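Subject: Structure handover

Hello,

Here is the structure we discussed, with the sequence alongside. My notes on it follow below.

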Amino acid sequence: MGKFELDASQARAVAHALENNATIIEGASGTGKTAVLLDAASQIIERGESLVLLAAGRKAADDLRTQLTLNHGKLPANVQVRTAQAWAFSILQTYAADRGRHTPELITGPTQDSIITELLTVVGQGIAWPSELDEDVMRLPGFRAELRDLLTRSAELGLSGEDLQALGREQGEQIWVAAGQPMDQYENSLALEDATAPGGTGADRFDHARLVHQAARLLTSPEAWGSGSMPTYQWVLIDDYQNATLATAALLSAVHDIQPGDRNGARLILTADPDTAVEGFRGGIAHLPGLARGSKPGTGLGAGVVTLKERHRGGEKLSELQNRLVDRISVAGLASHRRPKPGTQADSLKVLTFPGTDQEYSGIARLIRRAHVRDNLACDDVAIITRSRGTHIEIERVLRDAGVRVRPAARNEPLRFTPIVRALMDVMKEGVSGDLTDAELLALISSPLIGLDPARKRQLSHRITVWGEENESSSPVRDILANVPEGAEWAGPLKKLDEILEATRDAVTSNKNAEEVLWAAWQATDLADGLREQALSNGTTSRAANAILDAVMQLFRIAQRLVDRDARTSAAQLLDELESQDIAEDSIARTGKESGVHLLTPAMALGQEFELVIVADLNDGTWPNMKVRDGLFGAGRIAELYLDRLTDGVSGLRSVVDDELRMLAFSVARSKRDLVLTAVDSEETSRSRFIDLVVDEENIEHVESSKLSMSIPGVVGRLRSALTDPALAINDVDRELAADILASLPTWTERHLAGVATSEWIPSLEPSDMRPWESTKRISPSNAEAIMQCTLKWFAQRIGLSNMEATQNFDRGNIIHELAETYPDGDSTQIWNAFEEKWPEYSVAFTEGYERELERNDMVTMVEALIAYLSAHPGADVEKQLTYQTDHFTVSGRVDRVEPTPDGPIIADLKTGKTKPSDKDTKENAQLRIYQWMYEKETGVPTAGAKLVLVRYQDGRKKTGYPLLRNQKPLEESDEQAVEEMLKEVATKMGGIDITAQSGDWCAYCPIKTACPIFPEGALFS
Ligand code: SF4
């Protein structure tokens, strides 16, 4: 970018700012505030004066630095472009170097969480918490998250623990009085760790919130520095001051008055638009620009105000929308910037509503593909902005399925839940203590460290079971790892795992530190080169490889951090640190350069603009989200109280609606040309009231759902079906047309797009394995049931095809079955305790917020039903193994429960799935019939029947919480013959080559329905 073409108001603003000590350049979005700031910065650089230019985020800082570098070549040493935190950190570093101290350390969120956890364990007991907070509540991650939030907000406001206690007493808030105590302890604990670190005095440690205040304190204390060593600055420029925190204001104030009150410090230029503040949830204060005009200590900078008058982004439509939104926001100190002259570019605004969320996301995918195909719009120039990150993973999935290139959404879970990290942790755990269970060792064989496909996993697990039986081993996985069969091809993965474990064990016994042990484990996996190659390719596995490498790098970063602090940190301490983290580490990959559509929240979009912006999820309850921001500790109220004092009561309590409107005004202003607002409008969900504030009904388009796909594989699939599927009612002319279109398409290969190369069409594929199919001799009753329903579904699941929902069903079932097995008589307290222990790990599969809440409600209902059922049927024989052998096959399986009744034993099978079989279906239920048959064959005792216990559903006729039951009568003689015939049929199907689809009630929850030839969606691809 060369010199900027400034309009008259911009030129006036630059001239004013360069002539004065402190200036606020106020302008609505798109009026070129950043351009003006860059112009001022350029002139300061040309004068050879020192300058610090501050941006609201790392990306924005990178962009500003790049632009200044383009203008001036290499930037002089006296020019810094960074965030306020990075600048504060550099001040602390300079101070540490001046005083001969260690380089200060910035603690991360997870470390902060670990410190708070430890603190609560040690001192929590002695604190007079309000009576409703018992120990169970304090153990919850949510409690710590709230406390962390309070500590952060208080630190941003410059409050000490004592201040917080005083405020609590003044306001009658016992919880603030209580929280003030750990706050002091928390700050002391940073110092304590510092003092106990080896090698002398150790590093000063800060969290993000305390960092900036500390730097401000140092700049107002010249006596703390060596003579002449306190840094001074001629200019400090800051962009988007409406997003700054009180701590940043204090830092500016300090640097402006290097000697308190002298006004001889740095000259300041601030840009601001209070109407588009988006950092309120992180302590940003939209009123700060207004307060900067005054002289109040800490916030007053005595700044003059100049206003920008013309928009340079978008045209009349976007300008009008902006004006309408901003008019609804209460004035936060400054308002003369509102309603600037509109931009002159061609722009567009669309408002679309859909009947459901799925349709909304598919509609967005179609819209982006159309813009890409018709208007040649690069995906990098498109952003989807939602109020929170909660839906990003789902949007990413829908976009990818539709063939839209999209940047990976940020994941929100602690690192230990990433499969590769979990596997490396288990390897280290085995190296440290050697006590992994057989199940954990088996999980390692299935982990990405070994990289087996689902079919090989199953084969190997089967081999291990057989080996265990032959060798009468009670821990077959551990035993086979100690005696890996030599020369057997199938045992290769076991050998590899054994080598990884051996290398890790060696490192631990040689007293290597955590980083070295981790390195030994990682090197032994021999995965690095392959993953790097995949990550650099354009293939479909590139994204997965990038994600794995990202997670491994984060893991190394944590190990390095711990070892930097204490070179003797052991692998066991690293494991403790990882296990104690309840929040996510910063990802490296998601700040990387992968191209595609941006998935952003308003705060993530800071400093960015795009050709096409889609503001999505504009539903009532979601945006605006009117939930009270304050949780348990009332952190938001503290900020409000302070803000009210700062503004002498002018601001009043901050309005939630204003905050929500500011975020929306900021988001829509990210568009340079095209803007689309999307929402769901259905009986259950209403579109956001904000839509009606700014758009008339006749300009809202209600979009119906479409089954047509715009993805290339989808279109090719349709054309192929038209050409080859005789069942479709397509005339010859259209068939020929389909053939012509297919022939005219480019010759794609699988490297370009999976599933579209003719060489990948199913009729063109060579059989992958020509060996004759080995007829299976072992049948489990649940397999028999699945095969008798639909062989295709059974086969697909057997070879590992599954969707997220099926995996979650499986995990859900496991939890309920484990509880039922461990507490067969339904001990309520123990079951609830066990459930709460399992919940944190299980729940991470669900997006935080609504989805997780919903799942918890479901699980709680099921556990309640389980307890009600089990306590009504005590004394059952649980997980009873039954095996029966015929000349042709062996039937083997475990019965959930055999319950004693006066009429004889009843077989009970617990079901957690959504399928709700009818009474009629249950009479014929294959699994129950086989269990009854086996029980009689093995014990010689006839059963009194069998039943399905559907814990997901309640029995409306019984007392609340009792599950729905479906009963099957005892077998009669003719039934026994029928079961034997059925088992023969199952054995034949399992060994046969015909894999047919058979529809029924079970299709409703089938994970491969979209690929099933019976259904239209699947017909495209079959
Ligand atoms: S949709 Fe129905 S018929 Fe098709 S595979 Fe699934 S269960 Fe079988």
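How are α1 and α2 oriented to each other? The model is a predicted one, and in it the axes of helix α1 (residues 8–19) and helix α2 (residues 33–46) cross at roughly 45 degrees. An angle between 35 and 65 degrees counts as oblique, and α1 and α2 are therefore oblique to each other. Their axes come within 10 Å, and the crossing in which α1 passes α2 is right-handed.

Helix α4 (residues 84–99) and helix α11 (residues 246–256) have axes that come within 11 Å and cross at roughly 50 degrees. That makes α4 and α11 oblique to each other as well. Here, α4 passes α11 in a left-handed crossing.

In helix α15, which spans residues 392–401, the buried residues are H392, I395, E396, V398 and L399. Why do the buried residues of α15 line one face of the helix? Seen down the axis of α15, they fall within an arc of 165 degrees, so they line one face. Just after α15 comes G403, which takes a positive phi of about 80 degrees.

Helix α17 covers residues 438–445, and its buried residues are D438, L441, L444 and I445. Around the axis of α17 they cover an arc of only 115 degrees, which puts them on the same side of the helix.

E684 is found in the loop between β13 (671–680) and α27 (689–694). Is E684 buried or exposed? Its relative accessible area is 70%, and the cut-off for exposed is over 50%, so E684 is exposed. E684 and P355 are 329 residues apart in sequence, while their C-alpha atoms are 9.8 Å apart in space.

Last, the ligand. There are 14 residues around the ligand, and those that come nearest are C790, W1002, C1003, C1006 and C1012. How does the shell around the ligand divide into nonpolar, polar and charged residues? The shell has 10 nonpolar residues, 2 polar ones and 2 charged ones.

That is what I have for now.

Regards

Note on methods
Residues are numbered from 1 along each chain as its sequence is written. This is a predicted model: local features need pLDDT of at least 70, side-chain atom pairs count only at pLDDT 80 or more; totals for chains, interfaces and linings use all residues. Side-chain values use heavy atoms; hydrogens and water are left out. A residue is near a molecule or strand if one of its heavy atoms lies within 4 Å of it. Ala, Val, Leu, Ile, Met, Phe, Trp, Tyr, Cys and Pro count as nonpolar, Asp, Glu, Lys and Arg as charged, and the others, Gly among them, as polar. Buried means under 20% relative accessible area, exposed over 50%, partly exposed in between (1.4 Å probe, protein chains only). Helices (H or I, at least four residues) and strands (E, at least two) are DSSP runs, numbered from the N terminus. The arc is that of the directions from the helix axis to the C-beta atoms. Axes are lines fitted to C-alpha atoms, for helices over the stretch in contact, and angles run from 0 to 180 degrees between N-to-C directions. Angles under 35 degrees count as roughly parallel, over 145 as roughly antiparallel, 65 to 115 as roughly perpendicular and the rest as oblique. A crossing is left-handed if the near helix is turned anticlockwise from the far one by less than a right angle, and right-handed if clockwise.
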